[in-house]
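The tour goes from one selection to the next.

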Amino acid sequence: MIKQKELSFSLQDLPVVPHYFINIVDGEGLIQLRTDLANNPKYIAFDTETTGLGPEAEIFGVSIAIGDDERIGRVKRCYWCNLPYVEDEISDGIKDIIRTLFKTDVGLIMHNSIFDIRMVRQTW
């Protein structure tokens with residue numbers, strides 16, 4: 001049996017950290033993402049949303065969080081792009097950004113990296 005440990009603080013005491021979410025639907029959001037990536041972020045978190053798990057699955061959405069602080073969890077901005085609902089130019093720009101994420105020296109955080117990397121290779 002796992003024994004629960006009492007918290008020495010209340011959840012209401014935790015500081016509120018403002019996050020800025022940008023839904024990339026046009027060139028403006030894509031430019032902002034490229035600008036954030038060019039400003040030497042401390043880390044980048046990346047995740048994919050897919051239509052399934054197998055060889056026929058495709059990526060339909062990506063999220064990218066930019067961290068500008070040494071402390072993990074201090075997010076400057078979060079981006080989301082629902083690929084089927086944006087113009088090809090925006091989708092292609094996102095794909096190019098994703099490909100370059102794997103070639104950067106910036107810390108890359110991924111929850112399920114083996115799956116996400118396989119999906120990037122499989123889809124693009």
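**Stop one: a buried threonine**

Select Thr48, which is buried, with a relative accessible area of 5%. The model you are looking at is predicted. Thr48 sits in strand β2. Now show its side chain together with that of Asp116: the two make a polar contact at 2.4 Å. Which residues does Thr48 touch, leaving aside its neighbours within four places in sequence? Select Ile59, Gly61, Val62, Phe115 and Asp116; Thr48 is in contact with each of these.

**Stop two: helix α3**

Next select residues 113-123, which form helix α3. Colour Phe115, Asp116, Met119 and Val120, the buried residues of this helix. Turn the view to look down the axis of α3: the buried residues fall within an arc of 135°, so they line one face of the helix. On the other side of α3, colour Ile114 and Arg121, which are exposed. What covers the buried residues of α3? Show strand β2 again, then β3 (59-67), α2 (88-101) and β5 (107-110); the cover includes these four elements.

Is Asn40 buried or exposed? Asn40 is exposed, with a relative accessible area of 65%. Then check its backbone: phi of Asn40 is near 50°, a positive value in a residue other than glycine. Most residues other than glycine have a negative phi.

Definitions and conventions
Residues are numbered from 1 along each chain as its sequence is written. This is a predicted model: local features need pLDDT of at least 70, side-chain atom pairs count only at pLDDT 80 or more; totals for chains, interfaces and linings use all residues. Side-chain values use heavy atoms; hydrogens and water are left out. Buried means under 20% relative accessible area, exposed over 50%, partly exposed in between (1.4 Å probe, protein chains only). Helices (H or I, at least four residues) and strands (E, at least two) are DSSP runs, numbered from the N terminus. A polar contact is a pair of N or O atoms within 3.5 Å; within protein, one must be able to donate a hydrogen and the other to accept it, and residues adjacent in sequence count only if both atoms are side-chain atoms. Contact means heavy atoms within 4.5 Å. The arc is that of the directions from the helix axis to the C-beta atoms.
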